[in-house]
Amino acid sequence: MAFSHYSLVDAGGLIFWIKQEREKMDHVVYLDSQAKELENLLSGFKTMIIRGATGRKLPHGRVNAGDVLYFINNNAEGMVRAKGKVKGAFHSEKMTEDESRALVEKNQPKLRLTDKQMKRWAGKRYIVLIEVADVKEVAPFAIDKNGYGNMDDWLPVEKIETVKK
């Protein structure tokens with residue numbers, strides 16, 4: 001089903017919204033179990049997740065408002081435990097280390113990163129900030145990771161039913 005969503009665009013200091021049409025997409029997202037990210041999302045203490053890299057990699061450019069995220073702890077259990085809806089997503093352009101740090105620090109009240117996570121993400125050239133809403137537990141289920149040879153912490157699966165075991 002196609003739907004409209006709006007993306008925030010920064011064009012040389014002018015910020016505006018662009019209406020876009022695309023299919024809603026499901027994503028499997030691995031969360032930091034040591035940092036208790038899943039618990040913090042479920043409780044509402046944390047409302048935003050982050051991904052970043054020195055180059056553009058998933059989910060840069062692939063996650064948008066209206067998409068559904070299915071959450072798995074990165075503790076080798078391999079079970080989806082919760083889901084949430086993407087309220088909004090910010091995909092940065094290439095940043096300096098200082099710009100990246102400032103962006104992460106500005107969003108820390110929603111991110112609730114530990115010191116270890118702050119060291120991991122702040123300073124990356126490309127950052128994706130994903131604001132989530134309606135995070136709730138689901139009946140646990142495993143996913144079929146075949147077809148995802150280079151396992152990463154973010155899997156765009158299009159439709160969750162295609163990977164549900």
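## Report on a predicted model

The buried residues of helix α2 (residues 97–106) are S100, L103 and V104, where buried means under 20% relative accessible area, exposed over 50% and partly exposed in between, with a 1.4 Å probe and protein chains only. Viewed down the axis of α2, these buried residues fall within an arc of 95°, so they line one face of the helix; the arc is that of the directions from the helix axis to the C-beta atoms. On the face turned away from the buried side, α2 carries the exposed residues D98, E105 and K106. The cover over the buried residues of α2 includes β4 (48–53), β6 (79–91), α3 (108–111), α4 (115–121) and β7 (126–142).

This is a predicted model, in which local features need pLDDT of at least 70 and side-chain atom pairs count only at pLDDT 80 or more, while totals for chains, interfaces and linings use all residues. Residues are numbered from 1 along each chain as its sequence is written, and side-chain values use heavy atoms, with hydrogens and water left out.

**Overall make-up.** The protein has four helices and eight strands; helices (H or I, at least four residues) and strands (E, at least two) are DSSP runs, numbered from the N terminus. Along the sequence the pattern is β-β-β-α-β-β-β-α-α-α-β-β. Of the 165 residues in the protein, 44% are buried. Among contacts (heavy atoms within 4.5 Å) with a separation of 6 or more, 67% are between residues 24 or more positions apart.

**Confidence.** The mean pLDDT of the protein is 86, and 84% of its residues reach 70 or more; pLDDT is the predictor's confidence in each residue, from 0 to 100. Over residues 1–5 the pLDDT is below 50, and this stretch has 22 contacts in the model beyond near neighbours in sequence.

**The sheet.** Six strands form an open sheet in the order β4-β7-β6-β5-β3-β8, with mixed pairing; two strands pair if DSSP finds at least two bridges between them.

| Strand pair | Sense | Bridges |
|---|---|---|
| β6 and β7 | antiparallel | ten bridges |
| β3 (residues 26–31) and β8 | antiparallel | four bridges |

G88 stands opposite E131 in β7, and H27 stands opposite P156 in β8. Four of the five residues of β8 are buried, so β8 is largely enclosed by the rest of the structure.

**Cores.** The largest nonpolar core has 15 residues, and those with the most contacts inside it are I49, L69, F71 and I130. Such a core is a set of buried Ala, Val, Leu, Ile, Met, Phe, Trp, Tyr and Cys residues joined through side-chain atoms within 4.5 Å. β3, α1, β5 (68–73), β6 and β7 each supply at least two residues of this core, and β7 gives the most, with four residues. A second, separate core of 13 residues includes V68, F141, V157 and I160.

**Residue E37.** E37 lies in helix α1 (residues 37–43) and counts as buried at 5% relative accessibility. Not counting residues up to four places away in sequence, E37 touches L31, D32, K46, I49 and Q117.
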